[in-house]
Amino acid sequence: MIEKHLRRPLVEHVTGLSRSSIYELMELEQFPRPIRIGRRAVAWRESDIEAWLESRPIATT
């Protein structure tokens, strides 16, 4: 299976988090770290983001 990689704007869209929130959560070790895909480019493994989303509590009303 080929692993998809998501760039930051898509990660922001999928998670609903801002750039600063993503990096703050990474510092707190509460969000997956990206992998380097080039000299100046990083991306997140789609499976890591999906796992993170599944681990979040679901809001109930």
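Glu 12 and Arg 8 both belong to helix H1. They sit four residues apart, so about one helical turn separates them. In this predicted model, the two residues form a salt bridge. Their closest N and O atoms are 2.4 Å apart.

How exposed are the two partners? Glu 12 is partly exposed, with a relative accessible area of 22%. Arg 8 also counts as partly exposed, at 26% relative accessibility. The cut-off explains the label: buried means under 20%, and exposed means over 50%, so values in between are called partly exposed.

## The second salt bridge

How many salt bridges does the whole structure hold? A search finds two.

Strand S3 covers residues 41–45, and helix H3 covers 46–55. Arg 45 is partly exposed, at 33% relative accessibility. Asp 48 is partly exposed too, with a relative accessible area of 26%.

Helix H2 spans residues 19–27. Which of its residues are buried? They are Ile 22, Leu 25 and Met 26. Seen down the helix axis, these residues fall within an arc of 105°, so they line one face of H2.

The face turned away from the buried side looks outward in its residues: Ser 20, Glu 24 and Glu 27 are exposed there. Just after H2 comes Glu 29, which takes a positive phi of about 60°.

## What covers the buried face

Several elements cover the buried residues of H2. Among them are helix H1 (8–15), strand S3 (41–45) and helix H3 (46–55).

## The nonpolar core

The largest nonpolar core has nine residues. Ile 22, Leu 25 and Met 26 are part of it, and these are the buried residues of H2.

H2 gives the most, with three residues.

Notes. Residues numbered from 1 in each chain as written. Predicted model: local features only at pLDDT ≥ 70, side-chain atom pairs only at ≥ 80, totals over all residues. Heavy atoms only, no water. Buried < 20%, exposed > 50% of the residue type's maximum accessible area, 1.4 Å probe, protein only. Helix = DSSP H or I, 4+ residues; strand = E, 2+ residues; numbered from the N terminus. Arc of directions from axis to C-beta. Contact = heavy atoms within 4.5 Å. Core = buried A, V, L, I, M, F, W, Y, C linked by side-chain atoms within 4.5 Å. Salt bridge = Lys/Arg side-chain N within 4 Å of Asp/Glu carboxyl O.
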